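Here is a brief report on local backbone features. Please keep the sequence and the 3D view at hand while reading.

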Amino acid sequence: MTALLSIRGLTKRFGATEVLKGVDLDVNQGEVVSIIGASGSGKTTLLRCVNLLEDFDGGEIHLDGISIGYAVKNGARRRLRERECARQRAMTGMVFQSFNLFPHLTAIGNVMLGLVKVRHMSRHDARDRAQSWLGRVGLADRGDFMPAQLSGGQQQRVAIARALAMDPKLVLLDEITSALDPELVGEVLATIKALAKDGTTMLIVTHEMRFARDVSHRTVFMDRGLIAEQGASADLFRQPRTPRLAEFLGTANL
Amino acid sequence: MEGFLHELWIARWALGQGLLLTIAISAASILFGTILGLLVGVALAYGSWPLRWLMRVYVDAVRGTPVLVLIFACFYLLAFAGINFTAVESGLFALTIFCGAHMGEIIRGALQSIPPAQIDAGRAIGLTFHRILIYVLLPQAFRQILPVWINTGAELVKSSSLLAIIGTAELLFRTQEIVGRNFMTLEFYGLCGALYFLVNFCIERLGKAAGRRFALQ
């Protein structure tokens with residue numbers, strides 16, 4: 001079985017700093033994979049490359065068999081056009097640490113924008129679909145609220161609905177609970193657990209070790225731009241094989 | 001007082017036409033200037049460097065020049081270039097150039113104050129950049145610039161009085177003609193000032209109402 005997402009030899013540098021030094025990673029259909037690691041290990045950059053929010057310097061990313069961001073022909077790589085990149089970005093959904101809701105649109109308007117402008121749904125159908133997704137994240141009665149009128153946890157759940165309503169093949173979650181007050185973390189994680197149960201393929205960057213262990217099938221530990229260790233979440237957290245991961249988990253206090 | 005009312009009755013059409021032209025030129029230059037400013041602002045914020053550089057030269061040159069000089073420059077340079085504009089047309093042209101530069105700078109500032117994460121969020125749902133601009137960035141920028149935009153409108157109404165010098169028959173020019181006939185300097189310049197104030201007062205009121213309507217709570 002070929003993986004839904006396949007990353008090979010991914011490299012990325014910001015100026016003189018090499019952030020990703022040749023990352024290989026596969027994510028299968030229906031799988032939930034967590035990426036953990038210290039700040040600066042390249043987790044978020046990896047996620048942003050998959051959604052083409054960052055260019056990458058070397059390597060290839062394939063999603064559902066399609067080469068993402070670059071066309072490779074006879075060893076030469078060419079950046080795809082903006083329009084093509086936009087189409088590819090719509091194949092993945094992304095939820096951000098700082099929610100990034102559109103402040104000038106209502107909650108339901110946030111969810112509808114992509115449906116109407118990218119998926120070309122009628123406003124009526126888009127509204128129905130957006131409403132049903134708001135319902136699934138427990139915000140059926142908040143559709144007409146502006147983002148500023150919602151709590152952080154509610155805003156993040158709207159952002160999840162906005163990403164999921166687009167029916168992406170793969171969902172990327174970038175430290176989605178890091179900006180939330182502790183008492184609001186639970187409601188967001190519960191939403192993600194429900195999605196995992198429904199078979200949504202997710203790649204999750206997180207600092208919530210317990211969440212990574214309980215929700216994801218597999219956990220990947222990144223260290224200084226490389227994948228240092230990966231394995232089934234239950235095993236990896238119980239028995240880290242590398243001293244680096246043991247040290248990291250030691251400081252993370254599960 | 002009776003003399004003034006009598007003269008006012010005689011001058012009513014001239015004053016009315018002047019006022020109408022002042023309003024028309026101001027409105028048209030705000031409209032065209034805002035369209036121009038939108039293009040300039042977007043180019044300044046997101047354009048390639050040669051385009052940004054070109055726009056920066058335009059904006060800084062115009063903003064560093066007195067409006068009166070700009071009006072003369074347009075009037076004589078256009079004629080020199082063989083373009084035959086009437087006084088109204090060349091005045092409108094000058095004010096549009098003036099407004100475009102100011103609006104360009106204002107719109108650039110507003111666009112650049114929007115967190116870049118908003119662009120990421122738009123990209124993440126598959127919007128192309130020009131759609132992000134239309135549906136995400138400009139609506140947010142618009143709410144920010146509204147008060148400054150209204151201000152620029154009032155500024156243009158006042159600046160349009162300078163067009164009297166190149167013979168545009170707007171409110172001040174008409175007033176000068178009337179005063180030249182009846183020598184009631186104080187009364188008619190006072191009235192002229194009051195009319196300018198009235199127009200700008202209405203603009204300000206409109207702006208306040210619009211600000212409340214579009215505010216992000």
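## Backbone features of chains A and B

A:Glu175 is partly exposed: 18 other C-beta atoms lie within 10 Å. The model is a predicted one. A:Glu175 sits in the loop between strand 9 (170-174) and helix 6 (182-197) of chain A. Its phi is near 45°, a positive value in a residue other than glycine.

A:Phe99 also has a positive phi, about 65°, and is not a glycine either. A:Phe99 belongs to the loop between strand 8 (92-95) and helix 3 (107-117) of chain A. Is A:Phe99 buried or exposed? It counts as buried, because 24 other C-beta atoms lie within 10 Å and the cut-off for buried is 20 or more.

| Residue | Phi | Other C-beta atoms within 10 Å |
|---|---|---|
| A:Phe99 | about 65° | 24 |
| A:Glu175 | near 45° | 18 |

Next comes a hairpin. Strand 1 (residues 5-14) and strand 2 (residues 17-27) of chain A pair in the antiparallel sense, over 8 bridges. One of the pairings joins A:Ile7 to A:Leu25 in strand 2 of chain A. The hairpin has 2 residues between its strands. A:Gly15 takes a positive phi near 60° in this hairpin.

Helix 1 of chain B covers residues 2-46, which is 45 residues. From first C-alpha to last it reaches 61 Å, close to the 66 Å expected at 1.5 Å a residue. Where is helix 1 of chain B kinked? The kink is centred on B:Ala11 and amounts to about 60°.

Technical notes:
Residues are numbered from 1 along each chain as its sequence is written. Chains are lettered from A and ligands numbered from 1 in the order in which they are written. This is a predicted model: local features need pLDDT of at least 70, side-chain atom pairs count only at pLDDT 80 or more; totals for chains, interfaces and linings use all residues. Helices (H or I, at least four residues) and strands (E, at least two) are DSSP runs, numbered from the N terminus. The expected span of a helix is 1.5 Å times one less than its number of residues. The bend at a residue is the angle between axes fitted to the seven residues ending there and the seven starting there. Two strands pair if DSSP finds at least two bridges between them. A residue is buried if 20 or more other C-beta atoms lie within 10 Å of its own, exposed if 12 or fewer, and partly exposed in between; C-beta atoms are placed from the backbone.
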